[in-house]
Amino acid sequence: MISAIRCDGVRRRDFVRVGGLSALGLSLADLARPAAAANQTGPEPRAKSCVLIWLDGGPSHLETFDPKPDAPVEVRGPLGSIATALPGVRFGECLEQTARLADRLAVVRSMTSPLGEHVFGTHYLMTGYRPTPALEYPTFGATLAHVRGSADNVGRTALPPHMAVGGFTGAVSGRGYLPTDTTPFVVGGEAAGKRPPGQFRVPDLDPYAGLDLPRLARRKRITAALDRFSRAGDADAAVGENPDLRRAYDLIASAAAKRAFDLTEEPAAIHNRYGVGNGNGPGAGCLLARRLVEREVPFVTVYSSGWDTHSNVAALASRYPGDGGAKLPALDRALAALLTDLDERQLLEETLVVVAGEFGRTPRINAAGGRDHWPNAFSMLMAGGGVSGGQVYGASDRLGEFPAEDAVTPADLAATIFTLLGVDPARELHTADGRPVRVAPDGARVLTDLLA
Amino acid sequence: MLPLLALLILAAAADPAGASEPGIAVDFDTDVLPILTRSGCNAGACHGAAAGRGGFSLSLYGGDPAADYAAIARELKGRRVNPGRPNDSLLLLKSTESIGHGGGPVLEFDGQAHRLLRRWIAAGAVRSPSRSLIGLTVTPERRTVPVNQATPLRALAQYDDGTERDVTRWTSFTAEDPAVVRVEADADPAAPTAAALRPGRHVVVARHRDRVHAVELIAPRVGAAPDLSAVGRANFIDDHVLAALADLHLPASPPAGDAAFLRRVTLGLTGRLPTPAIAETFLADRDPDKRAKRVDALLASEAFVQYWTHQLAELLRVRPREPGGADAQAYHEWLADRLREGAGLDSIVRAALRATGDARENGPPNFHRVGGDPRGRAEFVSEALMGVRLRCANCHNHPLDRWTQDDFHGLAASLARFKAGSVVRPDPGAEVLHPGTGEPARPKLPGGAYLAAGDDGPEALADWLVSPENPYLAEAFVNRLWKALIGRGLVEPADDFRATNPATHPALLKELANDFVAHGYDLRHTLRTIALSAAYARSAAALPGNAADDRFLSHFPRTPLPPAALADAVTDVLGVGERYGDAPPGTRAVELADATAASLTLDLLGRCGREESCESTATPDGLRKGLHLFNGPWLNARITAPNGRLRTLLAAGTSPEKIVERFYLVALTRKPTASEAAHWTAELAGISDEAARTTFLEDFVWGLLTCDEFVTNH
């Protein structure tokens with residue numbers, strides 16, 4: 001279980017009052033609306049799936065995609081920068097492999113948000129909405145799962161449409177106001193050392209001793225019969241088939257879906273390329289993400305913790321002499337492997353890859369050699385399906401403190417990601433009591449320069 | 001001449017307070033600050049943020065007038081105000097965006113607010129408080145009004161000089177949920193209105209300087225008012241509940257049958273299913289008073305003590321802090337003893353707050369070990385005992401309520417006087433730093449007096465909490481009792497009482513609390529009152545007209561069983577126990593003193609680990625739980641256990657139909673209906689082979705334990 005408590009002590013429940021829905025009078029017409037909404041036409045999807053590599057804690061923009069080699073040393077920091085495949089564009093020195101792919105990437109250097117606290121910042125970045133006490137919003141993955149889940153996804157895969165690999169943030173529930181079946185299914189969220197390196201174990205995927213699939217199907221049928229009987233004469237007929245049991249059964253029944261979790265099917269060369277054996281880095285998560293995307297899972301969050309570097313940013317590069325598993329080199333390797341592997345399998349053009357965290361870090365190094373929270377200017381990266389690669393969008397100022405041009409809010413980012421995935425940002429979803437809510441906030445801009 | 005005169009008259013009419021009339025002095029605290037609040041300048045997203053904004057920092061919603069005056073009139077070499085040339089004051093230039101302002105224009109140039117600020121500056125921009133704000137009345141407090149019909153809103157401020165004035169113009173009105181309420185203030189800021197867009201109960205938050213109030217709008221369901229005259233009234237609860245149903249035009253579902261009532265009340269009061277023997281006796285009993293008698297029997301039972309010890313332990317966050325957990329064990333046992341002897345909540349709270357001694361041997365001293373440092377203790381005490389999230393006032397005055405930083409740090413200071421190690425000792429010299437002043441905080445009762453130098457903090461706090469005039473403890477606790485029986489608190493979340501989060505039935509909450517206090521803070525008395533109300537006895541089946549209601553008791557809400565109660569219910573149905581950590585075999589989940597005892601079952605069911613308030617435990621992962629129900633040992637290993645209920649019945653030669661009926665009775669406290677019986681008989685008739693019949697019955701039992709009727713209270 002990932003604790004919802006972060007370094008600054010704010011907890012999710014401080015601002016969430018789930019629902020907050022005071023309204024009454026849901027009519028049959030309201031109930032019918034979500035289904036009707038499925039007929040809304042969105043933009044042509046440029047990507048079928050999305051892999052979000054979430055750098056939890058807030059990655060430093062200065063050590064990743066927006067180095068300031070000409071700034072004074074207290075801003076520049078202890079690490080250097082390197083040239084990339086894009087002339088005149090430099091990345092942090094650890095991102096060697098990623099730098100070579102820069103002509104395929106779109107880097108945004110002018111992200112800006114007012115929220116410099118983990119829970120609030122995470123809510124804003126992962127949902128596109130600033131947190132409010134009245135309503136918790138769904139993350140991108142939940143929205144996509146909901147939109148895709150209803151009609152066109154049935155029978156495509158038994159894997160949950162919204163998955164998180166290596167854990168999930170404790171800052172948001174993930175599903176927000178959407179139904180529980182949009183909650184991210186977390187694989188490999190165990191504490192470090194609780195699972196063999198490079199493997200994911202999902203418990204209870206195979207029938208208990210003495211049982212088989214027909215027995216499980218009959219059990220599910222008996223439960224459904226009992227539920228039908230007990231709701232006879234109740235005007236609140238909201239219960240259908242128990243969604244937890246239906247989803248669990250579908251997954252158990254699909255051998256092909258379950259094989260996705262078995263990384264031992266991959267050759268050693270692939271393991272090495274991703275850096276799968278590298279402790280708790282994102283390598284194994286990225287490899288599993290590729291296997292899930294191959295099986296048409298719409299949204300996978302690869303969760304990477306440890307980016308809240310209040311002290312010693314140099315440890316991002318190396319924690320001890322000869323260290324190959326530090327945060328930045330591990331990310332570099334996993335990200336480059338994911339992009340090239342997807343590309344070789346002709347999946348990159350239909351997979352949107354996003355790398356982001358909840359904010360950046362203070363441009364001035366603090367007394368502990370670290371950087372504190374800095375939401376005013378930070379960076380993120382997009383590549384793959386529908387993204388116009390080989391560009392840097394926007395810029396921060398000389399010291400990386402504020403956007404110097406083309407400021408991008410998390411709401412804009414949300415509108416852009418949804419557009420790439422074929423969901424109209426203005427499309428309305430409905431809360432449990434029928435209240436309409438836009439997929440991305442009113443006023444959010446689609447960054448058309450980023451679209452291929 | 002005439003047009004100008006007309007304009008002056010108009011201005012005076014729109015400003016009944018007269019503060020914008022030339023000749024009447026503009027007061028900083030009571031005229032200027034409300035403008036800043038009304039315009040959003042000192043909100044948390046702008047200059048009211050802890051770090052300010054753009055180098056200009058104001059206290060949140062004007063909670064600290066002296067600091068705000070210094071920021072406006074003294075900082076930045078006084079450039080924010082220029083009495084010689086008022087129009088050159090940054091305060092005016094920025095707010096009207098005559099020069100660049102990150103927040104855009106917030107005041108209309110030459111509008112009423114702008115003119116008022118200019119006059120204040122021209123008069124020297126002084127702060128010589130002529131009066132202070134002591135109260136705010138907002139009308140209506142609560143109004144029932146049809147959908148789409150506008151309700152006029154009005155705010156009156158009271159001052160310490162005995163005067164009162166209409167400050168509607170200087171009050172902001174915001175819908176808590178803008179999608180369902182339309183607030184119209186632009187057309188005439190002095191005469192704002194609010195209209196509900198959907199049926200239901202809605203809240204509009206009124207804010208004047210640092211005061212907040214809620215306006216409740218109750219919009220009835222469209223259609224004729226239902227006839228509620230024949231609906232039963234058992235006690236005062238029903239008067240309040242039926243009044244709300246009448247307001248909202250919600251019909252009431254008919255009363256639940258005896259079997260449904262028995263299951264509901266047994267689960268609610270003892271966290272257990274009724275045994276088949278009790279069910280059969282109860283259903284056959286012709287005594288018209290049998291429900292009251294059953295409630296009394298349940299309240300007197302040891303199962304009640306166990307279950308409510310578990311509930312109190314969740315509230316008080318009882319968990320082991322010592323190796324072996326002797327501390328949690330001692331605390332758990334102490335709570336059970338208090339409940340067994342019928343102690344009132346007041347005496348339990350008083351004993352816990354005053355306790356010192358070895359926490360491994362004595363229960364009560366453990367109270368002070370929750371929360372860690374004194375500020376953490378203040379959060380815990382305010383949430384658990386007052387139902388208030390005082391922690392918001394750690395960094396700034398509470399933005400949605402009256403609590404100040406002085407209240408929070410004052411409470412922390414009064415709780416600091418213990419050293420809370422394995423042995424809890426008095427620590428009279430301990431202090432807490434007040435971040436606002438940089439000085440040690442003065443011990444203080446929340447919203448009340450500072451403690452005198454010699455006063456014992458916890459003792460004074462206990463006196464204050466249990467004094468009959470103090471509403472917090474009783475209201476917060478009866479709300480939890482209500483929630484435990486009915487599934488939803490009158491106030492939700494149960495630890496978030498505040499002026500802007502009113503109860504669904506405010507007068508009922510007050511009356512329940514008063515009744516609780518009048519009866520010696522006796523849990524059993526209040527639980528009995530709730531359990532014997534007609535509202536509690538309503539059917540869980542919704543009518544077409546009330547299906548959307550989840551909080552007004554038009555029908556009884558279906559609520560998932562708490563994790564421990566569900567685990568125990570499964571154990572009772574299967575007749576095979578489950579092990580929790582290293583607790584002795586036979587220990588029930590609700591009996592566990594150690595909330596962290598290893599149990600995958602309780603983890604998957606979403607138990608509260610008690611590190612934080614149990615109000616907000618995350619919903620468990622449904623898919624993971626589903627996988628475990630199908631393929632894990634929790635149900636599977638015990639359905640077929642040789643000593644379990646199913647195998648025992650089979651070994652005794654019981655017929656399959658009888659086995660089905662027996663399990664219905666144990667799990668659902670009823671027999672199968674005729675159509676259910678026919679359904680299962682038909683299913684069984686298709687199976688001739690005895691082994692196959694057995695596996696069908698195994699599958700039936702599994703289905704029973706996962707069906708909605710079993711896993712909820714209803």
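**Figure 1. Pairing of strands β9 and β10 in chain B of the predicted model.** B:Ala206 has B:His213 of β10(B) as its bridge partner. The two strands concerned, β9 (residues 200-208) and β10 (residues 211-219) of chain B, run antiparallel to each other and are joined over nine bridges.

**Figure 2. The open sheet of chain B that contains β9 and β10.** Four strands of chain B make up this mixed sheet, in the order β2-β10-β9-β6. At its edges stand β2 (142-144) and β6 (172-175) of chain B; each pairs with a single partner strand, so one side of each has no neighbour in the sheet. From one strand to the next, the twist averages 20°.

**Figure 3. Helix α24 of chain B and its packing partners.** The helix spans residues 656-668, and its 13 residues reach 18 Å from the first C-alpha to the last, close to the 18 Å expected at 1.5 Å a residue. Its buried residues are B:Pro656, B:Ile659, B:Val660, B:Phe663, B:Tyr664, B:Leu665, B:Val666, B:Ala667 and B:Leu668. An α-helix has 3.6 residues a turn, so residues three or four places apart point the same way. Just after the helix, B:Thr669 adopts a positive phi of about 55°.

**Figure 4. The side of chain A that touches chain B.** Contacts link 49 residues of chain A with 50 residues of chain B. On the chain A side, the elements that give two or more residues are β6 (185-187), α6 (213-230) and α7 (243-253). The largest share, 11 residues, comes from α6(A). By residue class, this side of chain A divides into 26 nonpolar, nine polar and 14 charged residues.

**Figure 5. Chain A, its fold and the confidence of its prediction.** The secondary structure of chain A comprises 12 helices and 16 strands, and 53% of its 452 residues are buried. Of the contacts in chain A with a separation of 6 or more, 73% are between residues 24 or more positions apart. The pLDDT of chain A averages 86, and 85% of the residues score at least 70. Over residues 1-22 of chain A the pLDDT is below 50, and this stretch has 46 contacts in the model beyond near neighbours in sequence. Residues 25-39 of chain A also stay under 50 in pLDDT, with 18 contacts beyond four places in sequence. Where pLDDT is low, the predicted coordinates should not be read in detail.

Definitions and conventions. Residues numbered from 1 in each chain as written. Chains lettered and ligands numbered in written order. Predicted model: local features only at pLDDT ≥ 70, side-chain atom pairs only at ≥ 80, totals over all residues. Expected span 1.5 Å × (residues − 1). Buried ≥ 20, exposed ≤ 12 C-beta atoms within 10 Å, placed from the backbone. Contact = placed C-beta atoms within 7 Å. Nonpolar A, V, L, I, M, F, W, Y, C, P; charged D, E, K, R; others polar. pLDDT = per-residue confidence, 0-100. Pairing = 2+ DSSP bridges. Axes fitted to C-alpha atoms, helices over the stretch in contact; angles between N-to-C directions.
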